[in-house]
Amino acid sequence: MEAWLPMVGLVEDIRRAAELLVQYRPFIAFTGAGISAESGVPTFRGRGGLWERFRPEELATPEAFERNPRLVWEWYRWRMEIIYKARPNPAHYALVELERLGLIRCVVTQNVDGLHQRAGQHCVVELHGNIWRARCMRCSYKLVFREPPREVPPRCPRCGGLLRPDVVWFGEPLPEEAWRTAVELAESSQGILVVGTSGVVMPAGYIPHIVKQHGGYVVEVNIEESAVTPIADVFLKGRAGEVLPRLVE
Ligand code: BV8
Ligand code: ZN
């Protein structure tokens, strides 16, 4: 088969996706670790993914933190150092442009890296928290790290208690406000642009299904099929950093 043939399909699909975005605007966007992959931030389940070296139960759970706060903080500090050096990539900037054009009204993200905000996105709903925020286990003091902490585990400046990353661990409920906002947005949007997620982590992974159940369109961008693909009206197979900018052309 001619090497360029699949491109024809992709060009067709990008045109179809752009038509849906315009006709049923504003969409919402739903993003996962894949949108940050081209910024050099490792994904969770892909090759070289974070979990390959560690299992979620070992690190991203309250029990793991209880057992070994230093190990869990070593892992988060390692990720903060990668994210600190990372820059938003063309996929992040394409979503900012779609917001400026009024084609998407908000980005609902599972990511904790804060790259959507750094790219200039105005509306971001963080379902799993943010790696730069921390809170005290004893007095609930909240702080924002400007750079990775020098000493781990970091201590509360107010009471000396143990700080924890302000992210949602496995087995923990999502932040009430963020979850309610995300569901409201999904119920009231006629379309969702799903970018770079395997769609396996719940309840976040329900968001595209809520849009579908309310008669909305699902456009997915991913380098491979995911748990969302079966309900996608348009599946744009490719890297987010290459495909999304072509949606705003
Ligand atoms: C809850 C923050 C209940 C932390 C994350 C057993 C015990 C306990 C719970 C469960 C259990 N079994 C199931 C559950 C539920 C569990 C769950 O869903 N587990 C999964 C594994 C089955 N969920 C929970 O525990 C949730 N809480 O259920 O609480 C409860 C309820 C009420 C009251 C009390 C308790 C909490 C889940 C949140 C966990 N925290 N992150 C941190 O980051 O350190 S999840 C973590 O996974 C990240 O947030 C990540 O974003 C998220 C989802 O992964 P993806 O983003 O999709 O990333 P992934 O690597 O999987 O996929 C990347 C995709 O990108 C791939 O498809 C790839 O093809 C694509 N890609 C790669 N490169 C590119 C690309 N696409 C485009 N371009 C590219 N260049
Ligand atoms: Zn404290």
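I count a polar contact as a pair of N or O atoms within 3.5 Å; within protein, one must be able to donate a hydrogen and the other to accept it, and residues adjacent in sequence count only if both atoms are side-chain atoms.

I am working on a predicted model, where local features need pLDDT of at least 70, side-chain atom pairs count only at pLDDT 80 or more, and totals for chains, interfaces and linings use all residues. Residues are numbered from 1 along each chain as its sequence is written, chains are lettered from A and ligands numbered from 1 in the order written, and side-chain values use heavy atoms, without hydrogens and water.

**Ligand 1.** I looked up its polar contacts. A nitrogen atom of ligand 1 sits 2.9 Å from a polar backbone atom of Ala240. The protein covers 73% of the 1,500 Å² of accessible area that ligand 1 has on its own (Shrake-Rupley method, 1.4 Å probe; for residues, only the protein chains shown count as cover). One is 2.8 Å from a backbone N or O atom of Gln110. Another is 2.7 Å, to an N or O atom in the side chain of Asn222. I then listed the residues around ligand 1 (a heavy atom within 4 Å). Of the 34, Arg45, Tyr76, Arg79, Gly171 and Ser198 come nearest.

**Helix 10.** Ala240 also belongs to helix 10, residues 240-247. Helices are DSSP runs of H or I with at least four residues, strands are runs of E with at least two, and both are numbered from the N terminus. I find Ala240, Gly241, Val243, Leu244 and Leu247 buried there (under 20% relative accessible area; exposed is over 50%, partly exposed in between; 1.4 Å probe, protein chains only).

**Zinc ion (ligand 2).** I read off the SG atoms of Cys136, Cys139, Cys156 and Cys159 as its donors, at 2.2 to 2.4 Å. Donors are N, O and S atoms within 2.8 Å of the metal (3.2 Å for Na, K and Ca); water is not among the atoms, so sites may look incomplete. The donor spacing is C-x2-C-x16-C-x2-C. Cys136 is buried at 3%, whereas Cys139 is partly exposed at 23%.

**Backbone.** Most peptide bonds are trans. I noted a cis bond between Arg25 and Pro26, with omega about -5°. Pro26 lies in the loop between helix 1 (5-23) and strand 1 (27-31).
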